[in-house]
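Let us walk through this two-chain model. Keep the sequence and the coordinates in view as you read.

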Amino acid sequence: MSTLARLDGVSRSYGAVTAVDNVTLEINSGEILGLLGPNGAGKTTLISMLLGLRRPTSGRVQIFGSSPVDAASRRFIGSTPQETALPETLRVGEVIDFVGSHFAERASTGALAEEFGLTDLLRRQTGALSGGQKRRLSVALAFVGNPKLVLLDEPTTGLDVDARRTLWDALRRQHNAGATVVVTSHYLEEIEALAERVVVMGQGRVLADDSLQGVLDRVGVRIVRLDSPDPIAVAALPGVVRHDSGTYFVNDSDAFLVELVRSGLAFRDLTVRGASLEEAFLALTEVAA
Amino acid sequence: MSVLTLSAVHAKYTLLETIRIPISIIGTLVFPTLSLLFFVVPQASISQDPLYATQAVISMSVFSVMVGNLFSFGLGIAESRAKPWEPYLRTLPAPGIVRVLGHILSTGLMSLLALVPLLLVGGLLTAATATPAQLVFGLLAVAVASLPFALLGICVGYSMSMKAAIAVIQVTFFALAFGGGLFLPPILFPDWLNAISQFLPSRMARDFVIWAVEGGELAPLTWIGLAAWTIGLLALALVLFRRDEGRRYR
């Protein structure tokens, strides 16, 4: 296993806003790394620095041992535009050929079209494609150069369930064929379906870097709501990760309720529910801070 | 792939994108010819004098290439920077010069095509004359002399938004065209204006092409100046390209 990309204490700010805050990360060959985080967590900025589109304000970014700003270091990298931004007047086959002509060992247009279900669309202008077809073409472009490392920023945003699964299957096949894949998403479901290792980002920082199961355990927070005359004492019970005016984030709601009843503290209007990903992120952020 | 082959590939697909919207080409092809028809052909004192008519056709050719380059580079680049396809192309393994050269080749070719109807009208409706050899030298000179304007357009495109680029280009092309003697021959200029005019790339381009067609003396300032503008603007364009991170909002 070798390290394909490395970030060393990387920060990037836009004026007063810090998008990425002192991130250190290694991407190793052979893995599918999921980069999970809410909107504005810094995922896209991180990817664009790996692609050489943006430079870090401080710290060092390396792909294949050199700076991604040098064109030569990007020979073995594949990426996909975040928005479906294809030149409308060019045909599907032409777009694939255009991008493919930048790579020494490119996949044939026919084989790639077959893989991503574009065979019947090769003569179509990209402006005439549906949203899902544009997405498939965009993701296919990431693989045209037979890359060693593929960076996919929100590859399935805006797709329906079927189209999303079709793309996931294609991604898994490419991974089995040897590509290392980094995929960002703000859907836990997507990361669950694809990733082996998961990095959770929030407010520009790495909150967790763990196996899929490890992260699932950590974001599996439950939310308990109740009214109590003594909220401070309730918050002090074991297992409370975070609390906020009558809302308590706990890792194990069953154990928490047992503790609550045992403590003899008065409470009423009790509800328990699972936390959304967004809320789980918030809890993780608090723990990290 | 070498830088040149890749640049040709970029030029090819940029041209393909353009010609799929035919109306956009008609504007580029027709505008300079219309200028010649309206501004030069009706004035018998110019259009019937072989020397003045030839110079007028040359001035219009330089004007046409200059305007074409400034607008298509400046606006084209400012527009594409606001779209996500351009940043995507920058993630491909091609050095910055490829994108710049690709733009130069594709737009340059379109500008030269625009000269065809212009030269036809000039040759048929005015007293302008040129031997085939003079024509070839003239076209080569126009191609060389158009470089500073292409690069200027690229600099504008990479340094500002589309709306700012429109304003800057309109002011720039008017000042360069008038100051460079493309509308009024410099012989009519007062001394102070002539002195300024000598340092403008539009004046240098005009004088350079006239020299290439009609021969005679070429002032060192003209070719040294053209080379200096080209090298200076190329350096600036590369700096702006490398610094560019797409559209900036504050």
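**A buried strand and its neighbours**

Strand E3 (residues 32–36) of chain A pairs with strand E7 (residues 180–185) of chain A, in the parallel sense and over five bridges. Strands here are DSSP runs of E with at least two residues, helices are runs of H or I with at least four, and both are numbered from the N terminus. Two strands count as paired if DSSP finds at least two bridges between them. The model is predicted: local features need pLDDT of at least 70, side-chain atom pairs count only at pLDDT 80 or more, and totals for chains, interfaces and linings use all residues. Residues are numbered from 1 along each chain as its sequence is written, while chains are lettered from A and ligands numbered from 1 in the order in which they are written.

Look at the end of E3(A). A:Leu36 has A:Ser185 of E7(A) as its bridge partner. E3(A) is also joined to strand E8 (residues 197–202) of chain A, by four bridges, and these two strands run parallel. There, A:Gly34 stands opposite A:Val198.

How enclosed is E3(A) by the rest of the structure? Largely, because five of its five residues are buried. Buried means that 20 or more other C-beta atoms lie within 10 Å of the residue's own; 12 or fewer makes it exposed, anything in between partly exposed, and C-beta atoms are placed from the backbone. In a regular strand the side chains alternate between the two faces of the sheet. Both faces of E3(A) are covered. A:Ile32, A:Gly34 and A:Leu36 are buried on one side, A:Leu33 and A:Leu35 on the other.

**Chain A as a whole**

Chain A has ten helices and 13 strands. Its C-alpha atoms fill a box of roughly 70 × 40 × 35 Å along the principal axes. Of its 289 residues, 42% count as buried. Among contacts in chain A with a separation of 6 or more, 68% join residues 24 or more positions apart. A contact means C-beta atoms, placed from the backbone, within 7 Å.

The domain assignment gives domain 1 (3–217) and domain 2 (221–288). Such bounds come from an automatic or database assignment. The C-alpha centres of the two domains of chain A lie 37 Å apart.

One hairpin is worth a look. Strand E11 (residues 240–244) and strand E12 (residues 247–250) of chain A run antiparallel, joined by four bridges. A:Arg242 stands opposite A:Phe249. Two residues lie between the strands, and A:Ser245 in the turn has a positive phi of about 35 degrees.

**The cores**

A nonpolar core is a set of buried Ala, Val, Leu, Ile, Met, Phe, Trp, Tyr and Cys residues joined through C-beta atoms within 7 Å. The largest has 78 residues, of which A:Leu50, A:Ala140, A:Leu149 and A:Leu151 touch the most other members. Helix H4 (residues 131–143) of chain A gives the most to this core, with six residues. Domain 1 and domain 2 of chain A both give residues to this core, so it lies between them. Beyond four places in sequence, A:Leu151 touches A:Ile47, A:Leu50, A:Leu51, A:Ile77, A:Ser79 and A:Val182. A second, separate core of 56 residues includes B:Met66, B:Leu147, B:Leu152 and B:Leu233.

**Inside chain B**

Helix H11 (residues 201–214) of chain B is largely enclosed by the rest of the structure, because twelve of its 14 residues are buried. Among them are B:Met204, B:Phe208 and B:Ile210. The cover includes helix H4 (50–82), helix H8 (147–159) and helix H12 (220–243) of chain B. Just after H11(B), B:Gly215 takes a positive phi of about 75 degrees.

B:Ala128 lies in the loop between helix H6 (96–125) and H7 of chain B. Why does B:Ala128 count as buried? Because it has 26 C-beta neighbours inside 10 Å. B:Val57 is 71 residues from B:Ala128 in sequence, yet 7.2 Å away, C-alpha to C-alpha.

**Where the chains meet**

The contact takes 22 residues from chain A and 20 residues from chain B. Helix H2 (residues 92–100) of chain A gives the most to the chain A side, with three residues. That side divides into eleven nonpolar, six polar and five charged residues. Here Ala, Val, Leu, Ile, Met, Phe, Trp, Tyr, Cys and Pro count as nonpolar, Asp, Glu, Lys and Arg as charged, and the others, Gly among them, as polar.

Notes
Two residues are in contact if their C-beta atoms, placed from the backbone, lie within 7 Å.
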